[in-house]
Amino acid sequence: MSKQTIIELRGIAKHYMMGSEGFYALDGIDLDIYLNDYMAVVGSSGSGKSTLMNLLGCLDLPTAGEYKLKGTDVATLDETSLAGIRNREIGFIFQNFNLLPRATALQNVMQPLIYRGIALAERKQRAQDALAMVGLQDRMTHVPNQLSGGQRQRVAIARALVTEPAILLADEPTGNLDSSTTVEIMALFDQLHSDGQTLIVVTHEQEIAERCHRVITLKDGRLMSDQANKVPVKPLVSGVAAHV
Amino acid sequence: MSNLKFKIIEGTRSAALSIFAHGFRSFLTTLGIIIGVASVIAVVSVVQGFSANITQQFDGMGTNVLNVESYTPRKERLQGVRAKLTYDDYLEIKYRVPGVSNVTPTVRMWGSNAVITYRGQSSSSMIVGTASTYQKLNTVYPERGRFFNLSDDKSRRRVAVLGPSIMSKLDIKGDPIGQHVAVSGEWFKVIGIAEKRGKLFGFDQDDFILLPFSTTRALLGGAEEPDITISLQVDEPSQLEQVKQHIKNLLRRNHKLSKGTDDDFEIATADQMLDTFDEIVGSTTLVLGGIVGISLLVGGIGIMNIMLVSVTERTREIGIQKALGATRFDILLQFLIEAVFLCLLGGLIGLILGFGAGSLISNLTGLPSATVPAWAIVLSFGFSGGIGLIFGIIPAAKAANLDPIDALRYE
Ligand SMILES: Nc1ncnc2c1ncn2[C@@H]1O[C@H](COP(=O)(O)OP(=O)(O)O)[C@@H](O)[C@H]1O
Ligand SMILES: [Mg+2]
């Protein structure tokens, strides 16, 4: 059985003008991402990881190259269709959680379903299910600043998952979390992957990258390597513990 | 279309959330609208209270009632000439003008002897000598006792009908019917008490005493004929102009006015007075509308200002919403609904405050009670909502056009 391609990147570049000088945050990226990939993006700070994720998440557009998502060339889409893709196909998880500060955990998770036009009762039900899945069924009426960092990130994950997106994009999801919370989040990602979810995780922690089944490395906006992890069986707990 | 309805419901939900999350700020934001609407409603409610009351008064008079009064042009007045309507004019009109009924003469008693006394109390109330038909023309019916009749008038009986206010002014205790009050030194027997009518422009309409016309005439002394007012009812409203012309010709002939000279009398209909009054109310309302328009404009600019600040403040939130799949239109609608909602709330608060203020003014000044007409409610809500729409569009467009990634990066 051949692998089903979800994302095709061809010659993707992101060019910024900094004063009079031009600068490539991404430079000629060719990449295919397949269904149920569990891929880590590593590279030093400033190598273009976030830039890549924002392009993949349709939050930003490349200055050159072609991005096909499920066969559709993203460059041909208007703003409303892009919003639709962000809503349906992408679940984005940020390092700083990006929860709506005045909304409760439940309301945060319900939010993307509003843009999909789902009625209140069903919205509530689905958000409750998603929160239960990340173990926050008893924190639903808390607002973000009443939650710990790990809990906030789990709300964000529930919010990303509630729309059942084609791909989950996580940009340093554990960057603001302590090691034990990191373990919890990664265990959750493992679980999602084994349930068939496609995941892309930006990280600079070796242990996390090793959990993934595929690792790509960026350097100065270029793709340096794209490797399969043959034996991603090292127990995460001891790995992280060793790291700490 | 149902999709839009869904978006509007959701937008309203989130607008309510964000408005009440910053309750005090929202209140301050919409203060301009609150004050604008409150002041218009206060004034409109008082003016309308007035107007409703006055219309009622005129309705009581009947629309086909004519009032004939003497009129002295300014030039003559300076020369010391005074025009006059006499009892003779009254008789001419009564017996020679067809198509009229309830022709009623009234004579007012003026001057230092025009006082009513009762057991040491005295009151300078309005003293009117009139005929029994007065009650039909003016719809002043006795609440107790009776009105005087033809025979009272013929025999110049000393009987009186009192306005209800006189009772307290003269401190009359017990049953007033059958008691006697003195008018310019002569005793009159009280035979009736009129119904209460309340105040108009702060003027007590119940402070009067009605006496039979001939009795009053006699009381005034025969030396000089008094100037009287003649009121009458036109039986066929369509005949109004003919009747007026008829009276005019008759009086001119009676007063021996030569061609080319002006009338020394005026014929006015209750309708004319009502029209004049309506005009005054109308222009007051217009001027008021202008002032309110300006204040709402200022209020709207205030709202736009705060909304712009709020968009900047919530840039990150907007970025998050866009990342979650909000379209430009979703964000535009959300902020627009927030602005309109805010203004409507302001309008509602203004309405309540304005009506409260209007009622207070009416109560304190003894004016008729304030009423808010439906058009004023619709108009203030329409205006408030419109202001929200107009001044909300710029901040809403600013929010909607934010680039998702820039908004997310905003610190
Ligand atoms: N809006 C921008 N304007 C100019 N330069 C940018 C902008 N965004 C990112 N960059 C630059 O692009 C490079 C890659 O950034 P980023 O993708 O955030 O790196 P990483 O996430 O790998 O640390 C960095 O050098 C950064 O300074
Ligand atoms: Mg980064």
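Modeller: Start with a definition. A polar contact is a pair of N or O atoms within 3.5 Å. Keep in mind that this is a predicted model.

Biologist: Which side chain of chain A has an N or O atom 2.7 Å from an oxygen atom of ligand 1?

Modeller: The cut-off for a polar contact is 3.5 Å. A distance of 2.7 Å to an oxygen atom of ligand 1 is within that cut-off. The side chain that supplies the N or O atom is that of A:S50.

Biologist: How much of the accessible area of ligand 1 does the protein cover?

Modeller: On its own, ligand 1 has 560 Å² of accessible area. The ligand lies between chains A and B.

Biologist: Which element gives the largest share of the shell around ligand 1?

Modeller: The shell has four nonpolar, seven polar and two charged residues. Strand 1 (5-18), strand 2 (21-34) and helix 1 (49-56) of chain A each supply at least two of its residues. The largest share is three residues, and it comes from helix 1 of chain A.

Biologist: Now to chain B. Which helix gives the most to the nonpolar patch?

Modeller: The patch is formed on the surface by B:F24, B:F27, B:L28, B:I349 and B:L353. Together they have about 480 Å² of accessible area. Helix 2 (23-29) and helix 13 (328-365) each supply at least two residues. With three residues, the most comes from helix 2 of chain B.

Biologist: Is B:F24 buried or exposed?

Modeller: B:F24 sits in helix 2 of chain B. Exposed means over 50% relative accessible area. Because its relative accessibility is 62%, B:F24 counts as exposed.

Biologist: What is the phi of A:K70?

Modeller: Most residues other than glycine have a negative phi. A:K70 lies in the loop between strand 4 (64-69) and strand 5 (72-73) of chain A. At 48% relative accessibility, A:K70 is partly exposed. Its phi is positive, although A:K70 is not a glycine, at about 50°.

Biologist: Where is B:R119?

Modeller: B:R119 is not a glycine, yet has a positive phi of about 45°. B:R119 is exposed, because its relative accessible area is 70%. Its place is the loop between strand 3 (116-118) and strand 4 (121-123) of chain B.

How values were computed
Residues are numbered from 1 along each chain as its sequence is written. Chains are lettered from A and ligands numbered from 1 in the order in which they are written. This is a predicted model: local features need pLDDT of at least 70, side-chain atom pairs count only at pLDDT 80 or more; totals for chains, interfaces and linings use all residues. Side-chain values use heavy atoms; hydrogens and water are left out. Patches are made of residues with over 30% relative accessible area and no salt bridge: like charges are joined within 9 Å, nonpolar side chains (Val, Leu, Ile, Met, Phe, Trp, Tyr) within 5 Å. Accessible areas come from the Shrake-Rupley method with a 1.4 Å probe; for residues, only the protein chains shown count as cover. A salt bridge is a side-chain nitrogen of Lys or Arg within 4 Å of a carboxyl oxygen of Asp or Glu. Helices (H or I, at least four residues) and strands (E, at least two) are DSSP runs, numbered from the N terminus. Buried means under 20% relative accessible area, exposed over 50%, partly exposed in between (1.4 Å probe, protein chains only). A residue is near a molecule or strand if one of its heavy atoms lies within 4 Å of it. A polar contact is a pair of N or O atoms within 3.5 Å; within protein, one must be able to donate a hydrogen and the other to accept it, and residues adjacent in sequence count only if both atoms are side-chain atoms. Ala, Val, Leu, Ile, Met, Phe, Trp, Tyr, Cys and Pro count as nonpolar, Asp, Glu, Lys and Arg as charged, and the others, Gly among them, as polar.
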